Amino acid sequence: MNYDLEKLIELEKVDREIARLSDEVSALPKRVSAIEEQLADHKAAVEKARTAIKNNEASRRKLESDIQDSQQKIVKYRSQSSSVKTNAEYKALMQEVEFAEKQISACEDKILDLMISLEVEEKSLKAAESELKTEAISVEREKAEARTRTAEDEKQLEGFEATRKELRAAVSDGSLAHYDRVMRQRRSAIAEARDQKCQACYVMLRPQTWQELKTNGQIITCGSCGRILFYDPAHEPPPPEPPKKKRSRAAAQAETDSEVAQEITPIP
Ligand SMILES: [Zn+2]
């Protein structure tokens, strides 16, 4: 195989690997932030559960202070009741006491409801915290894996870059310039020619070009897409089967006879 052709085929493989690895490395920050976003929902769930508990506690404190207020009122009304002059005044005070007692009882009911809710809220906080913890561990693991992968990619890239340099130095300037130009335009610069066609653009090659190409002895480019062509004898289609001989009528008749004979062979 032509020396430049051989090196350029290798160079394209290396360039493709470099492109793949570079894409992977540059995609990492996006991937890490996507991984971290998975945590955001769990953090929000924990925050929501904590807020519910805080609100519950605040409501209870308010109700407890309302109860205290009502109790103080009751004490006040009772002390006033000893010094009232009329029955009507006494009755009015007792009504106030009754009202305050009812309020206390209502507050106590609400506190009980809040205590029941608190149990549920504490359970959901615990569940949310535990889910967050599990998720955080898996996110950290995924991030570590992504970082390891990138480090490996970068190491591989270094190796490929070195090989690329060597290969480029080995190829003649003219071939390299053509390779670079087609690579820029078409993102691939090498194509196999099979069945007398460029396998990148599927344009038919002239018979003479095809014959020359089959030796891989020189740099030949596709007249249509400009890619550097090579030939792989392993991909040569198998030679067509030789056409079957036309059978003579006598032979056909003999065959029919033997079939018939088989059919009527008696069972021994
Ligand atoms: Zn082509």
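Analyst: A residue is buried if 20 or more other C-beta atoms, placed from the backbone, lie within 10 Å of its own, exposed if 12 or fewer, and partly exposed in between. What you're looking at is a predicted model: local features need pLDDT of at least 70, side-chain atom pairs count only at pLDDT 80 or more, and totals for chains, interfaces and linings use all residues. Residues are numbered from 1 along each chain as its sequence is written.

User: What radius of gyration does the protein have?
Analyst: Its C-alpha trace spans about 145 × 80 × 35 Å along the principal axes. A compact globule of 268 residues would come out near 18 Å, by a rule of 2.2 Å times the number of residues to the power 0.38, with the radius taken over C-alpha atoms. The protein itself has 45 Å.

User: How many Å separate the centres of domain 1 and domain 2?
Analyst: Domain 1 covers 14-169 and domain 2 covers 174-235, with bounds from an automatic or database domain assignment. Taking the centres over C-alpha atoms, the separation is 64 Å.

User: What percentage of the residues in the protein is buried?
Analyst: Contacts give some background here: two residues are in contact if their C-beta atoms, placed from the backbone, lie within 7 Å. Among contacts between residues at least 6 apart in sequence, 74% join residues at least 24 apart. As for burial, the buried share of the 268 residues is 13%.

User: Is arginine 50 exposed, partly exposed or buried?
Analyst: Arginine 50 belongs to helix H2, residues 28-81. The C-alpha atom of alanine 34, 16 residues away along the chain, is 25 Å from that of arginine 50. Because arginine 50 has 14 C-beta neighbours inside 10 Å, this residue counts as partly exposed.

User: And aspartate 15: which residues is it in contact with, leaving aside neighbours within four places in sequence?
Analyst: Aspartate 15 is in helix H1, and it's buried because 22 other C-beta atoms lie within 10 Å. Methionine 183 is 168 residues along the chain, yet the two C-alpha atoms are separated by 9.6 Å. With those sequence neighbours set aside, aspartate 15 is in contact with Arg164 and Met183.

User: Why do the buried residues of H4 line one face of the helix?
Analyst: The buried residues in H4 are His178, Tyr179 and Val182. They line one face because, seen down the helix axis, they fall within an arc (of the directions from the axis to the C-beta atoms) of 100°.

User: Which helix and strands do the buried residues of H4 pack against?
Analyst: First, the other side: the face turned away from the buried one carries the exposed residues Asp173, Ala177, Arg181 and Arg184. The buried residues pack against helix H1 (3-26), S3 and S4.

User: In what order do the four strands form the open sheet?
Analyst: Two strands count as paired if DSSP finds at least two bridges between them. S1 (residues 190-194) and S4 (residues 228-231) run parallel over four bridges, while S3 (residues 220-221) and S4 are antiparallel over two. S1 and S2 are antiparallel over two bridges as well. The pairing is mixed, and the order is S2-S1-S4-S3.

User: Which strands stand at the edges of that sheet?
Analyst: Each edge strand has a single partner strand, so one side of each is left without a neighbour in the sheet. That describes S2 (197-198) and S3.

User: Which residue in S4 is the bridge partner of alanine 193?
Analyst: On the S2 side, alanine 193 stands opposite cysteine 198. For alanine 193, the partner in S4 is tyrosine 231.

User: Which residue takes a positive phi in the hairpin of S3 and S4?
Analyst: The S1 and S2 hairpin, with two residues between its strands, has a positive phi near 60° at aspartate 195. In the S3 and S4 hairpin, six residues lie between the strands, and the positive phi, near 85°, belongs to glycine 226.
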